Amino acid sequence: MAEPEVVMTDPHEIVSSRSFDAPRDAVFRAFSDPQALSQWWGPRGYTNTFHEFDFRTGGTWRLVMHAPDGNSYPMTKQFVEVTSPERIVLLHPEPPEHRFTMTVTLQAEDQRTRVTWHLRFDSAQEVARVGAFIKEANEQNFDRLAALLASSGAP
């Protein structure tokens with residue numbers, strides 16, 4: 001399994017990328033199928049409860065992420081763009097400091113797929129505050145996605 005690449009060149013941005021041993025359509029389904037997504041979304045040990053998942057441009061995703069320590073984190077995301085199977089853009093509008101746009105690109109590489117997460121925060125101070133956690137969380141998300149894609153339960 002390839003290690004993720006993490007880039008932080010702009011103080012407002014965090015970019016993580018990894019190549020997965022799966023075709024692009026399968027990787028896109030792991031994002032678009034709420035049952036599959038709930039299995040791998042979030043850092044290691046987190047679980048999810050989805051309350052709404054309208055996977056289309058203009059749609060809303062409401063969920064609660066449950067941490068291993070017992071804390072729960074309700075959140076709402078808006079799908080700004082969904083272009084199958086190559087691009088997903090989400091707005092995480094939690095005001096004011098934790099607001100960011102996440103652009104997910106899926107690039108076909110023969111039978112593999114490179115997934116790149118580009119997070120752009122409104123605040124460079126927020127990136128400085130949460131950047132280390134997010135870099136590690138992105139790695140764990142990628143690990144969980146790779147495990148799902150390798151399992152027989154992949155979408």
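This briefing covers the fold, the nonpolar core and the aromatic residues of the protein above. The model is predicted. The protein has three helices and eight strands. With 155 residues, a compact globule would have a radius of gyration near 15 Å, and the value here, 15 Å, agrees.

**Fold and dimensions**
- Starting at the N terminus, the order of elements is β-β-α-α-β-β-β-β-β-β-α.
- The C-alpha trace spans about 40 × 35 × 35 Å along its principal axes.
- Take the contacts between residues at least 6 apart in sequence: 46% of them join residues at least 24 apart.

**Burial and surface**
- Of the 155 residues, 45% count as buried.
- The accessible surface is about 7800 Å², and carbon and sulfur atoms account for 49% of that.

**Nonpolar core**
- The largest nonpolar core holds 39 residues. Phe31, Trp40, Trp41, Val115 and Trp117 touch the most other members.
- Helix 3 (residues 124-150) supplies the largest share of this core, with eight residues.

**Aromatic residues**
- The whole structure contains 16 aromatic pairs.
- One of these is Trp40 with Trp41, an edge-to-face pair at 5.6 Å centre to centre and 65° between the planes.
- Both Trp40 and Trp41 are buried.
- Trp40 and Trp41 also belong to one aromatic cluster with Phe20, Phe28, Phe31, Phe50, Phe53, Phe55, Trp61, Phe79, Trp117 and Phe142.

Note on methods
Residues numbered from 1 in each chain as written. Predicted model: local features only at pLDDT ≥ 70, side-chain atom pairs only at ≥ 80, totals over all residues. Heavy atoms only, no water. Core = buried A, V, L, I, M, F, W, Y, C linked by side-chain atoms within 4.5 Å. Buried < 20%, exposed > 50% of the residue type's maximum accessible area, 1.4 Å probe, protein only. Helix = DSSP H or I, 4+ residues; strand = E, 2+ residues; numbered from the N terminus. Phe/Tyr/Trp six-rings, centres within 6.5 Å; stacked < 30°, edge-to-face > 60°. Rg over C-alpha atoms; globule rule 2.2 N^0.38 Å. Contact = heavy atoms within 4.5 Å. Areas by Shrake-Rupley, 256 points an atom, 1.4 Å probe, with all protein chains shown as cover.
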